[in-house]
Every structure is written in C-alpha cells, then in structure tokens.
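Visitor: Could we go through this one together, beginning with the charged side chains?
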Amino acid sequence: MVNLGIATAGFYGAKTASEKQFDLKQSFAEQRKTERILLINAGLDLAYIAGGVYLNRRGISKNSDRLHGYGNAVILQGAFLFLFDSAMFGIQHKHQNSGKSLFSNLQPDFNGRQFGVVYKIK
C-alpha cells in the first residue's frame with residue numbers, strides 16, 4: 001500500500017514536471033538541484049550501510065542469526081543504492097559540464113544592423 005502511494009505521487013509529480021518549460025538558466029538550476037539531491041541520497045546510503053554494519057555486529061555479539069542476516073541484507077541494499085546514486089550523479093555532472101562547454105562557445109554579435117549569436121569554433 002505504501003509503495004502504491006509513493007508510485008502515485010511520483011507519477012503525478014513527473015507528469016506535472018514534464019509539462020513545465022524551462023529556459024536555459026532554469027534548466028541548469030534544475031540540474032544542479034538534481035545533483036544535490038543525488039549527493040544527499042549517497043550520504044544517506046552510507047548511513048544505511050552503517051546501520052547494516054551495526055545490525056550485523058549486534059547479531060554476532062548477541063548470537064542472533066536473524067540480526068546478523070538483517071545486517072548483511074541492509075549492507076547489500078545500501079551498497080547498491082550508493083553505487084546507483086553515485087553513478088547517476090556522475091552522469092548528471094558529466095551532462096551538465098558538456099552543456100556548459102557547448103554554450104561557452106556562443107557569443108553575441110552585432111554588426112550595426114543585425115543582432116545575432118555566433119558559435120565560435122576553438
């Protein structure tokens with residue numbers, strides 16, 4: 001039931017967001033926000049792994065196979081989430097840097113009668 005609620009909220013949020021139109025500055029701001037969220041998630045994933053290590057160690061000290069197994073499962077899940085968030089951050093960061101280099105070559109131009117934008121090849 002919880003997953004259904006999360007999926008529904010995500011679906012409507014994505015549908016609303018896809019209808020928005022951003023200018024260049026807003027697009028870069030949204031991308032920076034996404035990168036920031038991914039970094040925060042990666043930090044939370046490390047905390048998740050630490051919680052798994054705690055459960056694992058607690059299971060060993062209490063001689064509880066259940067806690068030991070839960071700890072291993074949480075460590076594995078946290079490690080996957082950390083790798084996923086890190087990879088997504090890397091992709092987003094590379095994408096943002098390639099976009100910046102594209103627009104750094106654009107220069108305004110005015111020849112006395114016309115105003116335009118010139119793409120300078122380096």
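Visitor: How far apart along helix 2 are Glu 30 and Lys 33?
Guide: Glu 30 and Lys 33 are three residues apart in helix 2, which is about one helical turn; helices here are DSSP runs of H or I with at least four residues, numbered from the N terminus. This is a predicted model, in which local features need pLDDT of at least 70 and side-chain atom pairs count only at pLDDT 80 or more, while totals for chains, interfaces and linings use all residues. Residues are numbered from 1 along each chain as its sequence is written, and side-chain values use heavy atoms, with hydrogens and water left out.

Visitor: What do Glu 30 and Lys 33 form, and how close are the N and O atoms?
Guide: They form a salt bridge, with the closest N and O atoms 3.3 Å apart, the criterion being a side-chain nitrogen of Lys or Arg within 4 Å of a carboxyl oxygen of Asp or Glu. A search of the whole structure finds one such bridge.

Visitor: New topic: how are the rings of Phe 80 and Phe 84 placed?
Guide: Their centres lie 6.3 Å apart and their planes are at 25 degrees, so the pair is stacked; rings of Phe, Tyr and Trp (its six-membered ring) pair with centres within 6.5 Å, and planes under 30 degrees apart count as stacked, over 60 as edge-to-face and the rest as tilted. Phe 80 is exposed at 55%, whereas Phe 84 is partly exposed at 43%.

Methods:
Buried < 20%, exposed > 50% of the residue type's maximum accessible area, 1.4 Å probe, protein only. Helix = DSSP H or I, 4+ residues; strand = E, 2+ residues; numbered from the N terminus.
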